[in-house]
Amino acid sequence: MINLNSLRDSRILITGGAGMIGSTIAQLAAKLGAQVTIFDAMLPAYGGNSYNLHGIHDNVTFIQGDIRDMDLLKKNVNGQDFIFSLAAQVSYVDSNIDPLLDLDISCRGHINTLIACQENCPEAKIVFASSRFVYGRIDYNPVDENHPFNCLSIYGIHKLAGEKYYKFYHDAYGMRTTSLRIANPYGPRQQMKHSKYGIVNWFIRLALEEQPLTIFGDGQQVRDYIFVKDVAEAMLAVSLTRETDGQVYNLGSGTGTPFIDMSRIIAQLIPGTEIKMVEWPADRYFVETGNYISDISKLTNTVDWFPQTSPEQGIAQTIDYYRTCREHYW
Ligand SMILES: NC(=O)c1ccc[n+]([C@@H]2O[C@H](COP(=O)([O-])OP(=O)(O)OC[C@H]3O[C@@H](n4cnc5c(N)ncnc54)[C@H](O)[C@@H]3O)[C@@H](O)[C@H]2O)c1
């Protein structure tokens with residue numbers, strides 16, 4: 001397993017760092033002795049939550065800032081060793097409803113990030129959070145990095161543009177950028193107010209509220225669920241080596257889990273949970289990508305990282321988390 005101790009005393013800035021994945025990186029890095037700055041706009045209805053930084057508030061610098069604010073970005077990236085570039089509107093449904101907002105954050109905001117880094121921390125390693133949604137409709141499994149881009153959402157199109165910006169700044173200016181196409185992350189610290197993000201967390205909320213879990217179709221659709229701590233460790237791992245500069249990697253568990261199996265794990269851990277099967281609604285079918293399993297061999301052949309958490313373990317930890325602090329998320 002990767003040794004992250006070299007992060008001690010390094011300077012790390014995380015855009016979107018009050019959200020699920022960013023705050024998990026912050027929790028790990030702060031405990032390793034890194035100097036962590038969180039740069040987060042805390043936009044309403046997104047995943048930013050100050051409770052996500054519980055336990056490390058005194059060890060991190062928090063800047064309430066928007067990546068569309070170039071001057072503030074320039075000031076705060078100055079002197080950083082690592083940038084984790086996670087700020088985003090995360091709902092593919094909302095990206096189709098308000099494509100210009102998604103464009104503004106996911107394209108202009110990320111070009112801002114690159115320009116600010118080029119000026120004020122050109123040697124920094126920059127890790128960009130892309131998404132499996134760049135692949136859209138799936139032609140084959142497991143999905144490797146050469147799979148065609150059949151984007152089914154504005155979110156996916158803008159994530160692909162983001163990857164291209166980060167690659168361009170590497171190729172044209174020698175900046176140290178890496179993109180990760182994250183599969184289906186779940187776990188502690190995800191927002192739980194609405195169902196537009198990951199379905200695992202939403203089903204956990206429903207089950208904790210004694211509401212049924214509704215499954216479209218036969219529940220056999222396969223997803224690659226990855227526990228957020230595994231995501232955070234992978235992002236830190238790729239940041240530590242020059243071999244990943246200019247590259248794009250899939251980041252998932254590498255294992256497919258049928259929707260019905262994920263639901264049954266939740267139902268077993270929260271006794272009394274009812275699972276209801278219904279027909280696919282016509283509007284949802286449009287964005288159904290088909291089964292998805294990441295081929296993570298490019299990543300695991302490059303860095304000393306492998307996912308550690310099974311769905312049973314990850315779902316159990318997530319349920320425990322929200323059982324103890326749900327008042328901060330509901
Ligand atoms: N959650 C998923 O299903 C998923 C899957 C693949 C990729 N990703 C990507 O991983 C990254 C982190 O996602 P997450 O799951 O932690 O989501 P999240 O919503 O919990 O975190 C995103 C954070 O970005 C912040 N943010 C949004 N717009 C901003 C802006 N303009 N300036 C500064 N901060 C802003 C939000 O306040 C939030 O705290 C995102 O880039 C997301 O697109 C997420």
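Trainee: What follows helix 1, and what is its phi?

Mentor: Glycine 33 follows helix 1, and its phi is positive, near 95 degrees. Helices here are DSSP runs of H or I with at least four residues, strands are runs of E with at least two, and both are numbered from the N terminus. Keep in mind that this is a predicted model, in which local features need pLDDT of at least 70 and side-chain atom pairs count only at pLDDT 80 or more, while totals for chains, interfaces and linings use all residues. Residues are numbered from 1 along each chain as its sequence is written.

Trainee: OK, and how many residues does helix 1 have?

Mentor: Helix 1, residues 20-31, has 12 residues, and from its first C-alpha to its last it reaches 17 Å, close to the 16 Å expected at 1.5 Å a residue. That expected span is 1.5 Å times one less than the number of residues.

Trainee: Why is helix 1 described as largely enclosed?

Mentor: Because 10 of its 12 residues are buried, helix 1 is largely enclosed by the rest of the structure. A residue counts as buried if 20 or more other C-beta atoms lie within 10 Å of its own, as exposed if 12 or fewer do, and as partly exposed in between, with C-beta atoms placed from the backbone. Among the buried residues of helix 1 are Met20, Ile21, Gly22 and Gln27.

Trainee: How do the axes of helix 1 and helix 7 cross?

Mentor: Helix 7 covers residues 228-239, and the two axes come within 9 Å and cross at roughly 65 degrees. That makes helix 1 roughly perpendicular to helix 7, a label for angles of 65 to 115 degrees, with those under 35 counted as roughly parallel, those over 145 as roughly antiparallel and the rest as oblique. The axes are lines fitted to C-alpha atoms, for helices over the stretch in contact, and the angles run from 0 to 180 degrees between N-to-C directions.

Trainee: And which residues meet there?

Mentor: On the helix 1 side they include Met20, Ile21 and Leu28, and on the helix 7 side Lys229, Glu233 and Leu236 are among them; two residues are in contact if their C-beta atoms, placed from the backbone, lie within 7 Å.

Trainee: Switching to helix 5, what do its buried residues pack against?

Mentor: They pack against helix 3 (92-97), helix 4 (99-120), strand 5 (125-131), strand 6 (176-182) and strand 11 (247-251). Helix 5 itself, residues 154-173, has 20 residues and reaches 28 Å from its first C-alpha to its last, close to the expected 28 Å. Like helix 1, which glycine 33 follows, helix 5 is followed by a glycine, glycine 174, with a positive phi near 70 degrees.

Trainee: Where is the cis peptide bond?

Mentor: The cis bond joins asparagine 141 and proline 142, with omega about -10 degrees, and proline 142 sits in the loop between strand 5 and helix 5.

Trainee: What about positive phi in a residue other than glycine, say alanine 45?

Mentor: Phi of alanine 45 is near 75 degrees, and this alanine lies in the loop between strand 2 (35-40) and strand 3 (60-64). Alanine 45 counts as exposed, because it has 12 C-beta neighbours inside 10 Å.

Trainee: Then is arginine 189 buried or exposed?

Mentor: Arginine 189 is buried, with 28 other C-beta atoms within 10 Å. Its phi is also positive, at about 80 degrees, and its place is the loop between strand 7 (184-186) and helix 6 (199-208).
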